[in-house]
Amino acid sequence: MVSGDTLAAIRLEGAETLMTNHVLAITSFRPLPPEVLTSSLIGKLTVITEPAHARNYPSGVDVFTVNSIDDFTAVRDTALTILSDRHIDAVLCPTELGVAVCGLLRSYFGIAGMGFDVANAFSNKYVMKQKIAEAGLPVTPFRMVPRLDGLPAAAENLGWPIVVKRCFGGGTMDVAVIESASDFSRFYSAPASAGLRDAGCPLIAEQFVDIEAEYHCDGIVDGGTTKFASVSEYLSPVLTGRGGIHGSFHLSGSDPDAESVRCLHQDVVRALGMRSGVTHLEVFRTASGLLVGEIACRPGGGGIVKSVALQYGVDLWRAFIETSLGLPPTIDIDAREETVVNVMLPARPGRILDLSTAEHFANALPGVLDTTMVLKPGDIVDDVAHSMKITGMVFLASPSAHDIDDLVQSVSDTYMLRTEPSGAFGLH
């Protein structure tokens, strides 16, 4: 048994060593979070991203660009250029996009960390579902669809309605529910299907199921064992709640589904082969029981990281960096008695004219722990629908589970957003 003092010394020694190490991050439309950019655990940081996103990084970060981070040859050749100047000690990927390429990069160059097979299982939804199903865990029936025009053939086996999405993707972007063959014909010829029709990867079709509740489990894994797992329930299922107030709240340890979700998390981690890392698992409750949705090998998006920190005092980004760099994860739990509720505020396409402020929420609502606004008046919101299209997040402490609905309703009643149409989407 390693003592606390010894473990602290190991962490300190490891951190001092890593301060001289060079970390390569692969990312695209989402910039690296401040927790990565400012981490004291990273000595030198280099980023490979796409041209439109190079401006997201401050001086002191070396930025290289490729047309697409999904293009392994381009990423590999750029990594060779970087390697000619300095050794790469670790590769980070903070979003689903690029996870498989990062795994292939590690395997190709012999860099420590998650190799291609495991990284592909955590990012390729078809491979993921195959491995989870082979392990005997409950998943929705599914089929690979190489191209969108093959969806009706998949529906012959799965039945209508059907859910279709890219095998590689995140959030609810390019996810569609198709009700019938005639609905598919209309959808296929509509602009909304362009992302799926032009996808540069296979698609996955899944049998549609009625969801009673949707959970997410945010875990920290070390040595193949889950050392921390927080289970939360979404305010409404992510796909059906898109475009409205959404978010989640933490479940108590006594909740009947919480322990079942934690057990599923450990089983999924084992099935996909993770040894060390941070995870974000989604699980559906249906009339026939729990079903595994998807799992990612990174901290959850939106307000999930801050919500976990407020509820348990655990820093998922720090644990992500530590496990990526081969350090034991820091898990110092300081749990709050109240239930932390994370409410995400929906955006609308157009130019923002007026928007609630953090001060407005703090003065108008009870139990506000923190508010983060990510947009401001003058910003332009495009018309691409996805679950992370928000103006900000409000975090509240609920005295009990019975008070959550009223608190969320009070946020909705208080929230103010005025927009005007804009013909220049994407420009600020």
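**Exercise 1.** How far is the sulfur of C201 from the closest cysteine sulfur, and in which residue does that sulfur lie?

The model is predicted: local features need pLDDT of at least 70, side-chain atom pairs count only at pLDDT 80 or more, and totals for chains, interfaces and linings use all residues. Residues are numbered from 1 along each chain as its sequence is written, and side-chain values use heavy atoms, with hydrogens and water left out.

Step 1. A disulfide is a pair of cysteine sulfur atoms within 2.5 Å.
Step 2. The closest cysteine sulfur to that of C201 is in C167, at 6.0 Å, which is too far for a bond.
Step 3. For C297 the closest one is in C93, at 7.4 Å, also too far for a bond.
Step 4. The structure holds 0 disulfides.

**Exercise 2.** Classify C201 and C297 as buried or exposed.

Step 1. Buried means under 20% relative accessible area, exposed over 50%, and partly exposed in between (1.4 Å probe, protein chains only).
Step 2. C201 has 11% relative accessibility, so C201 counts as buried.
Step 3. C297 has 10%, so C297 is buried.

**Exercise 3.** Describe how strand β15 pairs.

Step 1. Strands are DSSP runs (E, at least two residues), numbered from the N terminus, and two strands pair if DSSP finds at least two bridges between them.
Step 2. β15 (residues 350-355) pairs with β17 (residues 380-381) in the antiparallel sense over 2 bridges; G350 has V381 of β17 as its bridge partner.
Step 3. With β19 (residues 417-420), β15 pairs in the antiparallel sense over 4 bridges, and L417 in β19 stands opposite L355.
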